[in-house]
Amino acid sequence: MEVVIIAVVVLAIIALICGVMLTVASKFMAVEQDELTPQVRECLPGANCGACGFAGCDGYAAALVADPDLPVNLCVPGGASAAEQIGAVLGRDVGEVVKMVAEVRCSGTCAVTRPKMDYEGIESCAAAKLLFGGSGACIYGCAGLGDCAKVCPEQAIYLVGGVARVDTSACVGCGLCAKTCPNHVIEMRPAAAHVVVACSSHQKGADTRKACSAGCIGCKLCERNCAAGAITVKDNLASVDYEKCTGCGKCLEVCPSGCLVGLDVAAPAKEA
Amino acid sequence: MSEVKVIIGIIMTAVLVNNYVLSQFLGICPFLGVSKKLDQATGMSIAVIFVMVLATAVTYPIQYFVLNPNDLGYLQTIVFILVIAALVQLVEIILKKYIPALHASLGVYLPLITTNCAVLGVCISNVDSYLLENAAFGSSFVHALFNAFGSGVGFFLAMVLFAGVRTRVERCNCPACFKGMPITLISASILSVSFMGFAGLVENLLGLG
């Protein structure tokens with residue numbers, strides 16, 4: 001009996017010492033945490049996508065509290081509602097949040113372009129790109145091995161006919177795919193854009209034509225016909241200024257290669 | 001046999017011959033879990049070295065002065081777990097207060113180590129092996145501390161080696177059925193086999209018995 005009592009007492013004393021030590025330590029060495037940071041963190045969606053430019057939601061929340069000049073609307077997945085909530089917590093003005101989605105600027109499906117070689121290597125666009133600029137005839141186009149789909153936190157990217165496509169309803173606009181794509185084919189555009197250029201080729205018109213029948217040949221017909229002056233052709237590639245574009249759909253009618261894709265246009269547009 | 005030689009022997013034995021992860025198979029959980037990236041592996045290992053030395057420094061006197069005189073050797077496991085857990089918590093609180101930079105880099109790993117079997121294993125094996133020497137408290141305690149440090153360094157070595165191996169293996173085109181954990185376990189076993197080559201090294205190198 002005595003053995004048991006000694007064991008229990010010794011253990012109890014050790015536990016008591018540990019407990020008292022920890023209690024005292026947590027009382028006297030408590031670190032006063034900023035109460036705002038967890039509150040701001042609560043407003044963020046927790047996707048840790050890094051679209052704000054910080055290392056995850058915690059990083060952005062800490063930076064918001066620390067830096068009063070930092071805009072509260074940097075969170076793309078959280079959108080306007082997150083910005084409003086953060087603004088309310090921190091008592092700051094909320095700027096406008098434009099919802100952005102990813103757009104794959106390439107229409108080079110198997111039907112319109114062809115591979116210049118058989119690639120049998122690591123299943124990654126970045127690796128394929130190292131070999132002669134990729135296996136496709138067009139070195140600017142989508143390599144179709146899905147590096148973007150792998151990094152997408154929302155599984156919003158899928159491959160159709162050798163080209164990545166974005167499910168815009170699932171896309172949260174974090175831009176990870178745009179950062180990952182070795183060819184920089186993916187662009188972040190406003191979700192409300194009317195027209196996009198589905199080609200990234202800066203080759204001369206004839207060379208583009210040889211590689212892909214759906215590529216932008218830089219003919220400038222769209223630039224000349226755009227009433228709003230929203231389309232400019234630079235380095236043999238058209239690009240749309242989404243703020244100026246009115247969505248009249250004129251460019252879609254004149255484009256000879258069909259690399260302009262209408263998303264939300266007033267006039268009946270021909271499908272590219 | 002000079003004291004320095006003994007200490008070098010202890011450290012080399014702990015790092016290479018009796019490597020806690022690769023020869024004694026303790027601490028496999030963080031070995032497989034945190035070895036995906038080199039910087040994480042390094043952070044975790046440094047935290048382990050730190051906690052191993054600290055835990056030995058605390059549990060060894062407890063065994064020597066509290067448990068053994070009272071014939072309570074059988075309470076070793078429960079007392080050690082209790083003390084190590086409390087100690088790690090205390091260290092975390094102190095680090096957070098006084099060395100925030102160190103807390104930021106080690107903080108995530110400290111709670112993980114609380115119940116790490118390698119840490120408990122080091123404390124128990126230290127107590128078991130050095131108390132047998134019947135030496136005075138001072139010298140056996142110093143040996144135990146060096147053994148703990150060496151074991152921590154051994155863990156560090158295993159983690160860093162394996163993190164390197166894993167990054168290479170991840171890039172390899174291995175058969176689909178081996179992808180992920182299976183190939184990781186196989187590479188861990190090969191690494192462990194390679195450490196068998198160190199058996200007998202220290203005795204012959206330093207002429208220890």
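Helices here are DSSP runs of H or I with at least four residues, strands are runs of E with at least two, and both are numbered from the N terminus. With that in hand, select chain B: it has ten helices and zero strands. Follow chain B along its sequence and the pattern reads α-α-α-α-α-α-α-α-α-α.

A quick word on what you are looking at: this is a predicted model, where local features need pLDDT of at least 70, side-chain atom pairs count only at pLDDT 80 or more, and totals for chains, interfaces and linings use all residues. Residues are numbered from 1 along each chain as its sequence is written, while chains are lettered from A and ligands numbered from 1 in the order in which they are written.

**Stop 1: the two chains**

Now select chain A, which comes to ten helices and eight strands. Of its 272 residues, 37% count as buried; in chain B, buried residues make up 38% of the 209. A residue is buried if 20 or more other C-beta atoms (placed from the backbone) lie within 10 Å of its own, exposed if 12 or fewer, and partly exposed in between.

Next come contacts: two residues are in contact if their C-beta atoms, placed from the backbone, lie within 7 Å. Take the contacts between residues at least 6 apart in sequence: in chain A, 56% of them join residues at least 24 apart, and in chain B the figure is 78%.

**Stop 2: where the chains meet**

Show both chains. Their contact takes 14 residues from chain A and 16 residues from chain B. On the side of chain A that touches chain B, you'll find 13 nonpolar residues, one polar and no charged. Nonpolar covers Ala, Val, Leu, Ile, Met, Phe, Trp, Tyr, Cys and Pro; charged covers Asp, Glu, Lys and Arg; the others, Gly among them, are polar.

Zoom in on helix 1 (residues 2-28) of chain A and helix 4 (residues 76-98) of chain B, whose axes come within 10 Å and cross at roughly 10 degrees. Axes are lines fitted to C-alpha atoms, for helices over the stretch in contact, and angles run from 0 to 180 degrees between N-to-C directions. Angles under 35 degrees count as roughly parallel, so helix 1 of chain A is roughly parallel to helix 4 of chain B.

**Stop 3: the cores**

A nonpolar core is a set of buried Ala, Val, Leu, Ile, Met, Phe, Trp, Tyr and Cys residues joined through C-beta atoms within 7 Å. Select A:Cys177, A:Val197 and A:Leu260: of the 68 residues in the largest core, these touch the most other members. Then pick B:Ala14, B:Val48, B:Tyr109 and B:Val122, which belong to a second, separate core of 54 residues.

**Stop 4: a loop in chain A**

Which residues have positive phi here? Select A:Asp235, with phi near 50 degrees, and A:Asn236, with phi near 65 degrees. A:Asp235 sits in the loop between strand 6 (231-234) and strand 7 (237-240) of chain A, and A:Asn236 lies in the loop between strand 6 and strand 7 too. Are they buried or exposed? A:Asp235 is exposed, with 10 other C-beta atoms within 10 Å, while A:Asn236 has 19 and so counts as partly exposed.

Note on methods: Angles under 35 degrees count as roughly parallel, over 145 as roughly antiparallel, 65 to 115 as roughly perpendicular and the rest as oblique.
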